[in-house]
Amino acid sequence: MIDSLKNEILEHITTEIAIGFLTAPEIFDSIQDTFLNEALDETWILKTIEEKFAANLEKSSTWLHPTDFDKLVVVFNNLIDNGIVALHNAGYTRQDAISECESLIEELDFFASKIKGYCYYHTQDIERIIFGNAMLYIGFGGYPNKEELAITVANKIVEECKNAGFTVQWDGTVDTRIVIAKFNWQKIPDKTDYNYKNIFNRLKHLKKAKPTEKSNRKLFWKFWKL
């Protein structure tokens, strides 16, 4: 492979390892998808992933717990328990994230009366932290899409973040995302589904009626996919 392609792939590997959601085989698959039309040196790629992955795992042994991500998981779980669909690493952009939140709420249609809204951060938000901007942006919305519901959801997010010890910034409007300042992103893959399965399991005690046939098909597809 030419040096410029190697540099691109090395940046891809380094970024995905720092984000910490993908396993080593998943990173390799993502490279094949991203550089689909390139002639790849798979031996070099696999060796590089293995070396970088091992170095990051060793580094993670020095992290102090709970990490900021550990605390964020608690925050998001508390929000889910309060009827707010909270998604980690939801898509790459804000539009992706909102679409994922709305789609997941549709999948959870038999909980609809219990869901007040949603919140999320996306991959670009994580990348900004990794590359030096130590602020995590939390987007939010109401369900259904009404301003007063969105404000209620946002206030709950701010409350839970402050309870977790985070420094929070928000101007009180629906047009501005909530910011957790001085966020230190530290995460390694842990084979945990923080999104659909987690949300379903935390909400299922609220279900009073069996899902429709349509919902059953959706659930089977979701669990099969995961």
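This passage describes the overall fold of a predicted model and one of its helices, α7. Residues are numbered from 1 along each chain as its sequence is written, and side-chain values use heavy atoms, without hydrogens and water. In this predicted model, local features require pLDDT of at least 70 and side-chain atom pairs pLDDT 80 or more, whereas totals for chains, interfaces and linings use all residues.

The chain contains nine helices and five strands (DSSP runs numbered from the N terminus: helices, H or I, of at least four residues; strands, E, of at least two). From the N terminus, their order is α-α-α-α-β-α-β-α-β-α-β-β-α-α. The C-alpha trace spans about 55 × 45 × 30 Å along its principal axes. Of the 226 residues, 42% are buried (under 20% relative accessible area, with a 1.4 Å probe and protein chains only). Among contacts (heavy atoms within 4.5 Å) with a separation of 6 or more, 68% are made by residues 24 or more positions apart.

Helix α7 comprises residues 147-163. From first C-alpha to last, this 17-residue helix reaches 24 Å, close to the 24 Å expected at 1.5 Å a residue (1.5 Å times one less than the number of residues). The buried residues of α7 are Ala150, Val153, Ala154, Lys156, Ile157, Val158, Glu160 and Cys161; the list thus includes the charged residues Lys156 and Glu160. Their cover includes α4 (68-81) together with the strands β1 (84-87), β2 (117-120), β3 (135-142), β4 (167-169) and β5 (178-181). After α7 comes Gly165, which has a positive phi near 95°.

Technical notes:
Buried means under 20% relative accessible area, exposed over 50%, partly exposed in between (1.4 Å probe, protein chains only).
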